[in-house]
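Let's walk through this model together, one region after another. Keep the 3D view open as you read.

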Amino acid sequence: MQSVTDAPRAPLSHLNLPFFEAQHRSLAEQLRDWVPQQRVDESDDRAACKQWTRLLGQAGWLRYCVSADDGGALPQLDSRALVILRETLAFHSPLADFAMAMAGLGSGAITLAGTPAQKAAYLPAVARGDKLAAFALSEPDAGSDAGAMTTIAQCRQSTGASGLSDAYVLNGVKTWISNGGIADFYCVFAKTDAQAGTRGITAFIVDAGTKGLDDSEHITVMAPHPLASLRFTDCALDDSAQLGELGGGFKLAMRTLDIFRASVAGAALGMARRALAEAVAFAQARSMFGQKLADFQLTQAKLGDMAALVESAALLTYRAAWLRDCVGTATPAQAQAYTAAAAMAKMCATENAQRVIDMALQMHGGRGVQVGTKVESLYRDIRALRIYEGATEVQQLIIGKALLKNGGLS
Ligand code: COS
C-alpha cells in the first residue's frame, strides 16, 4: 500500500504549453513539493477535509480561490491557477483536491455578487482556511434540472433596529451538498417567486447553526467525502443574507459553475495522470511469461491509448481556462464560447479519466481491485466527477445548445 509520501510526483512538462505563464509553472512546482510533506490521516473524511482546509489555508493555497481585494493571491480568480492547483492536488490526494474545490465553489457566488460587507465577512476567512464553504443548489427532485427547485424563500417585512426591512423565511430540502455538515456557511439558492421559473430564484448566505437549518443528515458515498442533506424549516434570514439580485440566483449559480467546471476537469486530469503513472510503474516492474508486462505490445498499445486520452483532455481543459483568463467573458459571444469550452473540458476530462483509470486498474490484475491500492481508490474517486457540477449529459446539452444558437462554438 502506498502513502502520499512514497507516491510518484505530479509531472510538469505540460506546463511548457503556451497556455501557461511562468507563475503557473512555479505554482505547480511549489505545490508538488508541498503536498507530499503533509501528514493527513484520511480514514475519517470529515476530519481529513477540515484538516486539509486548514493546511491549504495556512500555506496560502486557498488564496487562489478568492480575488486580491478579499485576501486572495491574484487580482481576479485565475482559471489556469485553479486548474493547476486541482490537477496537482488530485494527483496526490483527491480529498485535498476536494477541500480546495469547495473553498472555491462554496464562496464563488460571493466573489461574483457579494456586497462589500458580505465579501469582508466571508472571503478572507475562506482564503485563510478559517471558514469552510458550501454551494447548495441541488434538491431531491431538482438535480440536472436545477430550475425545478422547490425550496422557497418567502419574503416578509420585519421591524429591526434600523426600521422596517425585508426578511426571508426558508423552507425546503437541499441534497448532495458537498461540505454539508462541516461547512461554516452555505450559499443557498431558493425560489423567491415560484411562478417565475429560473428568473424567480435568489441566492442567500446561510450560516451553519442558523435556527431552522438542520445539516446533520450525512450521506455516505463510494469514495468518502463530506456530503449531507440540508433541511430548512421556517429558517428566518434578514435581508443582509440576500446574495446578488432578487431573481438573479439561477444565473449566478450558472456563472459560478462555469468558473469551476474547468477546474473539475483539472481534478480529473490529475487523477488520470496518476493512474497512468501507476500503470507505467507497474508494467515496468511486473514479470510474466518470462518478460516484463511492459514488453508486451498489448501493454504498449494500452499505454498509448491512455496517454492520448489524458493529453487530449488536457488540451481542452487548458484551452477553456486560457479562454476565460486571456480572452475573457465580457461580450455575450465570449461568455457563450467559454461556457461551451468549459463544458467540453469537463465532459471529456472526466469521461476520459474514468477510461484511463479503468485501463490502469485492468493492467494491475487482481491487485487493481484490492482495497488500499491507488488504482482501486482512484476508480471510486473519479466516478462522482462525471456527475457533480453538471453531469456529462448536462454538458452535452450546454454544448449542443451553443452549437445550435451560433452555428459554431467560437
Ligand atoms: N451563465 C449565465 N447565464 C446563464 C448560463 C450561464 N452559464 N446558463 C444559462 N443562463 C441563463 C440563460 O441565458 C437564461 O436566461 P434568460 O432567463 O434571461 O433567458 C436562464 O439562465 C435560463 O437558462 P436555460 O433556459 O438554459 O435553463 P434550463 O432550465 O434549460 O437549464 C441547464 C439549463 C441544464 C444547463 C442548467 O439547469 C444546469 O446547468 N443544470 C445542472 C446544474 C448543476 O450543475 N448541478 C450541480 C450542482 S453543484 S454539485
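Predicted model: local features only at pLDDT ≥ 70, side-chain atom pairs only at ≥ 80, totals over all residues.

**How the helices pack**

The crossing of α6 and α9 is left-handed. Helix α6 covers residues 249-285 and helix α9 covers residues 374-381; they pack with their axes 10 Å apart, at an angle of about 155°. Since angles over 145 degrees count as roughly antiparallel, α6 is therefore roughly antiparallel to α9. On the α6 side, the contact is made by Met271, Arg274, Ala275 and Glu278, and on the α9 side by Lys374, Val375, Leu378 and Asp381.

How enclosed is α9 by the rest of the structure? Six of its eight residues are buried, so α9 is largely enclosed. The buried residues are Lys374, Val375, Glu376, Ser377, Leu378 and Asp381. They pack against α6, and also against α3, α4 and α8.

Now turn to a second pair. Helix α2 (residues 45-58) and α4 have axes that come within 9 Å and cross at roughly 65°. The crossing of α2 and α4 is right-handed. From α2, the contact involves Asp45, Ala48, Cys49, Trp52, Thr53 and Leu56, while α4 brings Leu95, Ala96, Phe98, Ala99 and Met100.

You have already met Val375 in the contact between α6 and α9.

Which residues does Leu56 touch, leaving aside those up to four places away in sequence? They are Trp34, Trp61, Leu62, Leu89, Ala96, Ala99 and Met100. Ala96, Ala99 and Met100 belong to the α4 side of the contact with α2.

**A buried glutamate and some pairs along the chain**

Next, find Glu87 in helix α3 (residues 79-92). Is Glu87 buried or exposed? Its relative accessibility is 4%, so Glu87 counts as buried, the cut-off for buried being under 20%. Not counting residues up to four places away in sequence, Glu87 touches His14, Gly266, Ala267, Leu269, Gly270, Arg273 and Tyr318. The C-alpha atoms of Glu87 and Ala265 are separated by 8.2 Å, though the two residues are 178 apart along the chain.

Thr115 counts as partly exposed, at 36% relative accessibility.

For a contrast, look at Asp234 in strand β7 (residues 227-238). Asp234 and Met363 are also 129 residues apart in sequence, but 54 Å apart in space, C-alpha to C-alpha. At 53% relative accessibility, Asp234 counts as exposed. Beyond residues up to four places away in sequence, Asp234 touches Val169, Leu170 and Asn171.

Let's finish with the backbone. Helix α7 (residues 297-327) has 31 residues and spans 43 Å from its first C-alpha to its last, close to the 45 Å expected at 1.5 Å a residue. Just after α7 comes Gly328, with a positive phi of about 90°. Helix α8 (residues 332-363) has 32 residues and reaches 46 Å between its end C-alpha atoms, close to the expected 46 Å. Just after α8, Gly365 takes a positive phi of about 60°.

Most residues other than glycine have a negative phi. Against that background, two residues are worth a look. Asn179 is not a glycine, yet has a positive phi of about 75°; this residue sits in the loop between β3 (163-178) and β4 (185-191). Phe289, also not a glycine, has a positive phi of about 50° and lies in the loop between β9 (287-288) and β10 (291-292).

Notes
Residues numbered from 1 in each chain as written. Heavy atoms only, no water. Helix = DSSP H or I, 4+ residues; strand = E, 2+ residues; numbered from the N terminus. Expected span 1.5 Å × (residues − 1). Contact = heavy atoms within 4.5 Å. Axes fitted to C-alpha atoms, helices over the stretch in contact; angles between N-to-C directions. Parallel < 35°, antiparallel > 145°, perpendicular 65-115°, else oblique. Left-handed = near helix turned anticlockwise from the far one by under 90°. Buried < 20%, exposed > 50% of the residue type's maximum accessible area, 1.4 Å probe, protein only.
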